[in-house]
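Student: Could we go through this structure together, starting with the overall build and then moving to details?

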Amino acid sequence: MIANLLNGDNVVFTGVNIILAWGVYLSLMTGTLTFAMAAFMAIGAYVAGVLTVNFGWPLAPAALAGMAACFFGGLMVGFPALRVRGLLLMLVTTGVTFSVQVGIENIEYVGGVQGIRGLSGTTPAIVAGSVFVIGGLLWILSHSPLQRIFDAAREDESVAASLGINIVFVRVAGFAVGAALAGYAGVLWGHYVFFIAPQNFGILESVFFALFVVLGGVNNMWGPVFGAVIITLVPEIAREFGSGFAEYRQLFFFGVLVVLLLFRSQGVLSFRTISLKAPIKGLRPVTSVSEERADD
Amino acid sequence: MAEVLGAKDLHLSYGPINAVRGVSFHLDEGETIAVIGANGAGKTTIMRGLSALIKPKSGEISFLGEPLGRRKTSDLARAGMLHIPEGRGTIGGLTVLENLRVAYDIRPNDTAFAAALEPVFNHFPRLSERSSQRAGSLSGGEQQMLALARALINPPRVLLVDEPSLGLSPVMVKEAYQALAGFQSSGMSVMLVEQNVRMALRLADRAYVLQQGEIVLEGPSDDLLSKPEVLDAYLGSHG
């Protein structure tokens, strides 16, 4: 059964979803739960797709262009949109997904609702390598001062500002880098499936990408990986049990999800990586600690 | 002495509610002032205005000789203003050590982090025991110590403390005020707002009495302390 799962399709789709989950995670880490990821995935896929198909660019520079477009798109949406918080922000990011989808449907140059054909070049090795590189960068991030700056900015804006942290900058940067990751995932996905159309990048996809992180855990980089792998592969595993089961797999899957979130709402993997290890050698309190305990 | 922080005819409001109406005061270098007043007098609002967390409706604030203008809270923090808000200014999800590190990183510092920790842990031994715990898991008193320790690890020019005694046991209140006295004697300019009038007046050089958003009385702390009947008239019963 496991052997059946290790095929090119699954490696690519799982890897793409891991990158998307990390995009959501980066945005969430800086305080923005985003439902705009499908939109940025679309922008990345379309920008790179036009460059490779219509202009004959190689995949690598086209991918960079796709990511850059998403990064600047993220900045443009982020500066005005991130003034709002919570539910309103979810609505705004949902609106971004709808707008981009409808917008692409109306651009004749990229085929409208018909989409673009002929995207190719992504291999399972490229996807796997990308996951390792991005994962490595995130690992470095989570052991750097940036991690605690992000955590502080997310947790308490007033206190973080009093600690010299520029909240707007942190939030917009996290959102834009997350958007660039989603764009890169879109590039990889589009150039594997050959054919992309606006209906591939709807609000349901955005919700799924957010779900990867919510299910897996929001406090560390491994939670999103776990969520993405499980949500991508469980339907495939279920398929192995035969068509009788397959009809019920969505029901089963979302049932498990509901139960899980009821009992473990912080996600499956919710530990936090501490960015600074104690104790620093040679530091001991000089005065003895008074025994009285103030319980307040 | 040079003025490090001042306000002229400052008006602050939350929407239609005018919380602070035409307040003027100044804090000189190395001085400690207290703003005292009952609940709802506008003390916290003044602090939030000074650190640019809310924009003044009118009036002027100057910090280190320059008008505040449109400067952001984070800019002011890096320029040397430390605002410890009411109810502990710590990040609960970070460990004690990470909280200190973030505070240390605000401004370039000649002292290495490990060396900067030494006075902090001498002052607050409890923090060194708890250095790898989440700040959110500390007791209220320990969190207030951690918030005050931010002023020690990378000393600001001006320290704004909002109700350091709020919700603390008498032992912890004493400890918090000892820490503030330490900052004071190191030459830091301190402004605190308090309901705990007696503690605040004993520490401060001068004080302003705030009532319903207006300053109704000001003067050297000793003068105010010697006229408890006047304070009572403005503040009601107090500790």
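**Chains, contacts and local geometry**

Tutor: Let us begin with chain B. With 239 residues, a compact globule would have a radius of gyration near 18 Å, and chain B has 17 Å, which agrees. Please keep in mind that this is a predicted model.

Student: What box do the C-alpha atoms of chain B fill?

Tutor: Taken along the principal axes, the box is roughly 45 × 40 × 35 Å for the C-alpha atoms of chain B.

Student: And how many helices and strands does chain B have?

Tutor: Chain B has 10 helices and 10 strands. Buried residues account for 51% of its 239 residues. Among the contacts in chain B between residues at least 6 apart in sequence, 69% link residues at least 24 apart.

Student: What are the corresponding values for chain A?

Tutor: Chain A has 13 helices and 2 strands. Of its 296 residues, 45% are buried. For contacts in chain A between residues at least 6 apart in sequence, 80% join residues at least 24 apart.

Student: Changing topic: which residues touch the most other members of the largest nonpolar core?

Tutor: They are A:L20 and A:A21, in a core of 166 residues. Helix α9 (residues 167–193) of chain A provides the largest share of this core, with 16 residues. In general, nonpolar side chains tend to be buried together in soluble globular proteins.

Student: What is A:A21 in contact with, leaving aside its neighbours within four places in sequence?

Tutor: A:A21 is in contact with A:F209, A:F212, A:V213 and A:G216, and also with A:P224, A:V225, A:G227 and A:A228.

Student: Back to α9(A). How do the axes of α4(A) and α9(A) cross?

Tutor: The axes of helix α4 (residues 59–81) of chain A and α9(A) come within 7 Å and cross at roughly 145°. The crossing of α4(A) past α9(A) is right-handed. Residues making this contact include A:G66, A:G73, A:G74 and A:G78 of α4(A), together with A:A176, A:A179, A:A180 and A:G183 of α9(A).

Student: How many charged residues does the contact of α4(A) with α9(A) have?

Tutor: The contact of α4(A) with α9(A) has no charged residues; by class, there are 17 nonpolar and 7 polar residues.

Student: One last topic, the backbone. What is phi of B:A52?

Tutor: Phi of B:A52 is near 65°, a positive value in a residue other than glycine. B:A52 is placed in the loop between α1 (43–50) and β4 (58–63) of chain B.

Student: Is B:A52 buried or exposed?

Tutor: B:A52 counts as buried because it has 24 C-beta neighbours inside 10 Å, the threshold being 20 or more.

Student: And what about B:Q212?

Tutor: B:Q212 is not a glycine either, yet has a positive phi of about 45°. B:Q212 lies in the loop between β9 (206–211) and β10 (214–220) of chain B. With 14 other C-beta atoms within 10 Å, B:Q212 is partly exposed.

Technical notes. Residues are numbered from 1 along each chain as its sequence is written. Chains are lettered from A and ligands numbered from 1 in the order in which they are written. This is a predicted model: local features need pLDDT of at least 70, side-chain atom pairs count only at pLDDT 80 or more; totals for chains, interfaces and linings use all residues. A nonpolar core is a set of buried Ala, Val, Leu, Ile, Met, Phe, Trp, Tyr and Cys residues joined through C-beta atoms within 7 Å. A residue is buried if 20 or more other C-beta atoms lie within 10 Å of its own, exposed if 12 or fewer, and partly exposed in between; C-beta atoms are placed from the backbone. Helices (H or I, at least four residues) and strands (E, at least two) are DSSP runs, numbered from the N terminus. Two residues are in contact if their C-beta atoms, placed from the backbone, lie within 7 Å. The radius of gyration is taken over C-alpha atoms; the globule rule is 2.2 Å times the number of residues to the power 0.38. Axes are lines fitted to C-alpha atoms, for helices over the stretch in contact, and angles run from 0 to 180 degrees between N-to-C directions. A crossing is left-handed if the near helix is turned anticlockwise from the far one by less than a right angle, and right-handed if clockwise. Ala, Val, Leu, Ile, Met, Phe, Trp, Tyr, Cys and Pro count as nonpolar, Asp, Glu, Lys and Arg as charged, and the others, Gly among them, as polar.
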